[in-house]
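Me: Hi! I've just opened this one and would like to go through it with you. Can we start now?

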Amino acid sequence: MYLKKLLIIFLILLIAPVGYCKHNNQSWNIKAENNAYRHNNKGLMYLEDKYYFGAIKEFQMAIDLLPNKQATATFYTNLGRTYEKIGYPSLAKDCYEKAVSINILCFDYYLQLAKCYKTLGVVDKKLEEFQNKEYSPLNNVMIGLLYIQKDHKATGITVLDDFCDKEPNLIITAGVRNYLKEITKD
């Protein structure tokens, strides 16, 4: 009888939820968000050490843990940069496009995507695609960047400057203005 009770207690403890523990009358849940940030940070360390396979795995784990949050756009961008470093710009493009779709107000994601389009040799195709899309002021950000990537700097600057004039209160506008200051220093 004592052995049966001991076996039942053991089984209960064995199948208890892993994500929950009790310590000093406090309960903690394992937080996917915290783990996602840890994996992203570990991926950044691997990327710095040029351990690309490890970086890819860590960024992917961060994405898997936190698939539908704004921060995930950063994880996708980090994954895209890693793919670019190892010579897979088409995989990087997919990551950058996902990052832009998750966080449409981060200028850096648009810039990375435009540079990737240039690497892939699809700037003209993408420029036409964005010009033919249903109007959105954010399309002009990509159009301006694509003109710049196409070496039509004056046209690109004009498009981006016009965007800043029409949309002065958007979060992305500060990034566009900083970029314009940087590329017009010459």
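This is a predicted model: local features need pLDDT of at least 70, side-chain atom pairs count only at pLDDT 80 or more; totals for chains, interfaces and linings use all residues.

Me: Where is Ile56 found?

Reply: Ile56 sits in helix 3, which covers residues 52-65.

Me: And is Ile56 buried or exposed?

Reply: Buried: its relative accessibility is 15%, and the cut-off for buried is under 20%.

Me: What separation do the C-alpha atoms of Ile56 and Asn78 have?

Reply: They are 8.7 Å apart, while along the chain the two are 22 residues apart.

Me: Changing topic: which residues of helix 7 are buried?

Reply: In helix 7, residues 123-132, the buried ones are Val123, Lys126, Leu127 and Phe130. Looking down the axis of helix 7, you'd find its buried residues within an arc of 105 degrees, so they line one face of the helix.

Me: Why would residues three or four places apart point the same way?

Reply: That's because an α-helix has 3.6 residues a turn.

Me: Then which residues are exposed on the other side of helix 7?

Reply: Lys125, Glu128 and Asn132 are exposed there.

Me: What do the buried residues of helix 7 pack against?

Reply: Three helices: helix 5 (89-102), helix 6 (107-120) and helix 8 (137-149).

Me: Let's talk pockets. How much space lies in the largest pocket?

Reply: About 190 Å³. Its lining has 13 residues, and Val100, Tyr110, Leu113, Phe130 and Lys133 lie nearest the centre. Phe130 is also one of the buried residues of helix 7.

Me: Which helices supply at least two residues of that lining?

Reply: Helix 5, helix 6, helix 7 and helix 8 each do. By type, the lining residues are 8 nonpolar, 2 polar and 3 charged.

Me: How about the largest nonpolar core, how many residues has it?

Reply: It has 47 residues, and Leu145 and Val176 are those with the most contacts inside it.

Me: What is Leu145 in contact with, leaving aside neighbours within four places in sequence?

Reply: Phe107, Tyr110, Leu111, Ala114, Leu160 and Tyr179. Tyr110 turns up in the lining of the largest pocket too.

Me: Last one: is Gln149 buried or exposed?

Reply: Gln149, found in helix 8, is buried, with a relative accessible area of 11%. Leaving aside its neighbours within four places in sequence, Gln149 is in contact with Ala114, Lys115, Lys118 and Val123. Of those, Ala114 is also a contact of Leu145, and Val123 is a buried residue of helix 7.

Methods. Residues are numbered from 1 along each chain as its sequence is written. Side-chain values use heavy atoms; hydrogens and water are left out. Buried means under 20% relative accessible area, exposed over 50%, partly exposed in between (1.4 Å probe, protein chains only). Helices (H or I, at least four residues) and strands (E, at least two) are DSSP runs, numbered from the N terminus. The arc is that of the directions from the helix axis to the C-beta atoms. Contact means heavy atoms within 4.5 Å. On a 1 Å grid over the protein atoms alone, a cavity is a set of points where a 1.4 Å probe fits but cannot get out, and a pocket is an open set with protein on both sides within 12 Å along at least five of seven lines; lining residues have an atom within 4 Å of a point. Grid points are joined across faces, edges and corners, and a volume is the space filled by probe spheres set on the points. Ala, Val, Leu, Ile, Met, Phe, Trp, Tyr, Cys and Pro count as nonpolar, Asp, Glu, Lys and Arg as charged, and the others, Gly among them, as polar. A nonpolar core is a set of buried Ala, Val, Leu, Ile, Met, Phe, Trp, Tyr and Cys residues joined through side-chain atoms within 4.5 Å.
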